[in-house]
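Dear colleague,

I am handing over the structure that I have been reading, together with some notes on what was found in it. Please keep it open beside this message as you read.

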Amino acid sequence: MNLAGAIFEAKRVESNLLAMMKNRLLQACAMAGVALTLWGCAGSGDTANYEATDLAVVLAGPLFEGPNQGQTQFTFSLAAALGKAFEPGMKVRDARIQSAEVLPGDSLGFANVRSFVLSFASDNPDASMVEAGFKNPLPAGVNRVDLDVAPNVELGPHMAAGEVYVVLDADLDEDFWDGDRRFLLNLELNITY
Amino acid sequence: MIRTMSLWATMAVLALGTLSFDVQPQTDPGDKLLGVWEPSNGRARVKIDRIGNKYYGRIVWLIEPNDPETGEAKTDKNNPDPALQNVPLKGYRMLKDFVYQEADDSWTEGTIYDPLNGSTYSCIIKMTDENTLDIRGYIGVQALGRTDVWKRLVMPSR
């Protein structure tokens, strides 16, 4: 091969490489475009506010100094929540907590309660229990407690399961051997479907 | 006649009442995990409860409940979610979402949380005897993990 032939061959290889890189770049751009479109679809969707109110949380005695578990549950149905707006095929895509309010459920009120932690769980095997709110410490002398909620926590898989377990842990500063402690819980959630 | 029927009705109610005392509540075989357990380092105690069909363990006692730097009760300051870093550590559920597998008498599908670094690991629980648990935390495959032995504590009675 003479010098001109070698130069021609080198240019041909360079040209092929450039064409290949251009194709790869176009493919990458196309894939990024598809991913962005999918992400855009996933991020959109209609939203609705859902309230679960007067949930009776019972901490069954005997109770000991320290954290004690209270539990309640509610059933969520997207069809029932949306009413006439519901269409077949709609499903819960996301759910976030907006607010959580605790009220006294017995004459003891919030006496001897140091803090609350609110968690969500369900029997959905693909969903893990998550903490979604807390108040630590409890302000003194209040007759209602607005929990500090974590709006980034994903509750969708639990809401989609239908039966939602709501756990309210109360940290007590002394033992309660006799009787239970009771609280009422009001929740507000934002549902994307 | 009315008195006779009333007598029979009373006897029937009494019999039903007696029967109801004889019926034992059904318990899930996985419920033997319920109770208070102490990890091998003795620095915490964890109470395991069931919620729905899964098992969860929360810290109910810490040998050092307060942060030595602040003097305040320890919080989950290493939680990856900043909104939850002020959640009290006492009461925190470090074991989550365990499902009992009758086939090999173990609790799987769960996770264990290490509050010292805010990391969550896959975990499997096996009961070697009624008062001893092997708790194995791992990453990816069970071979890449560490097993800790937990002992059951007897709850205080009045």
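**Notes on the two chains**

In chain B, B:Thr111 has B:Ser122, a residue of β6(B), as its bridge partner; strands here are DSSP runs of type E with at least two residues, helices are runs of H or I with at least four residues, and both are numbered from the N terminus. This is a predicted model, in which local features need pLDDT of at least 70 and side-chain atom pairs count only at pLDDT 80 or more, while totals for chains, interfaces and linings use all residues. Residues are numbered from 1 along each chain as its sequence is written, and chains are lettered from A and ligands numbered from 1 in the order in which they are written.

The two strands of chain B concerned are β5 (residues 106-114) and β6 (residues 119-129), which pair in the antiparallel sense over 7 bridges; two strands are said to pair if DSSP finds at least two bridges between them. Both strands belong to a closed barrel of 8 strands in chain B, which runs β1-β2-β3-β4-β5-β6-β7-β8 with antiparallel pairing.

In the loop between β4 (93-101) and β5 of chain B sits B:Asp105, whose phi is near 50°, a positive value in a residue other than glycine. B:Asp105 counts as exposed because it has 12 other C-beta atoms within 10 Å, where a residue is exposed at 12 or fewer such atoms, buried at 20 or more and partly exposed in between, with C-beta atoms placed from the backbone.

Chain A also has a residue other than glycine with a positive phi, namely A:Asp54, where the value is near 55°. A:Asp54 is found in strand β1 of chain A, and with 10 C-beta neighbours inside 10 Å it counts as exposed.

One joins A:Gly61 and A:Pro62, with omega about 0°, and A:Pro62 lies in the loop between β1 (47-59) and β2. Another joins A:Asn136 and A:Pro137, with omega about -5°, and A:Pro137 lies in the loop between β5 and β6 (145-146).

Finally, the contact between the chains takes 22 residues from chain A and 23 residues from chain B, two residues being in contact if their C-beta atoms, placed from the backbone, lie within 7 Å. On the side of chain A that touches chain B, β2 (66-75), β4 (113-121), β5 (130-135) and β8 (163-172) each supply at least two residues.
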